[in-house]
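Subject: Structure handover

Hello,

Here is the structure for you to look over. My notes follow below it.

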Amino acid sequence: MASDTAQLPRVYIMLREMDQASPIKRNNSRRLAINRDLFASIQQVTNRDQRTIKELEALVKLFMDGELNYPSLEMASNG
């Protein structure tokens, strides 16, 4: 997952596009060209498994909503 929180919305949108149940579909060729490496990385990590994609989508959303953050994870692992 992106350690740069500014990248999380991009990752989230890519995951939503890969989720077959999502109404969001990849249709902008310019955007796809820009995100080709990210898209390929997500496919490689998830092996295109829909369950894994949905779980990552939910995890990224927790980071975007501020319910989860890296400092809180570090404190939990050190505690």
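A contact here means heavy atoms within 4.5 Å. This is a predicted model: local features need pLDDT of at least 70, side-chain atom pairs count only at pLDDT 80 or more, and totals for chains, interfaces and linings use all residues. Residues are numbered from 1 along each chain as its sequence is written, and side-chain values use heavy atoms, with hydrogens and water left out.

Overall picture

The chain has five helices and zero strands. Helices (H or I, at least four residues) and strands (E, at least two) are DSSP runs, numbered from the N terminus. Along the sequence the pattern reads α-α-α-α-α. Of the 79 residues in the chain, 27% are buried. Buried means under 20% relative accessible area, exposed over 50%, and partly exposed in between (1.4 Å probe, protein chains only). Among contacts between residues at least 6 apart in sequence, 62% join residues at least 24 apart.

The buried ones are Leu-8, Val-11, Tyr-12, Met-14, Leu-15, Arg-16, Glu-17 and Met-18.

Helix 1 packs with helix 4 (residues 50–64) at an angle of about 150°, with the axes 9 Å apart. Axes are lines fitted to C-alpha atoms, for helices over the stretch in contact, and angles run from 0 to 180 degrees between N-to-C directions. The two helices are therefore roughly antiparallel (an angle over 145 degrees). Helix 1 contributes Leu-8, Pro-9, Val-11, Tyr-12, Leu-15, Arg-16 and Met-18 to the contact, and helix 4 contributes Gln-50, Ile-53, Leu-56, Glu-57, Val-60, Lys-61, Phe-63 and Met-64.

Two single residues

Thr-46 lies in helix 3 (residues 36–46). Thr-46 is buried, at 4% relative accessible area. Leaving out residues up to four places away in sequence, Thr-46 touches Met-18, Thr-52, Ile-53 and Leu-56.

Gln-7 sits in the segment before helix 1. Gln-7 is partly exposed, at 28% relative accessibility. The C-alpha atoms of Gln-7 and Met-64 are separated by 9.9 Å, and these residues are 57 apart along the chain.

Best regards

Technical notes:
Parallel < 35°, antiparallel > 145°, perpendicular 65-115°, else oblique.
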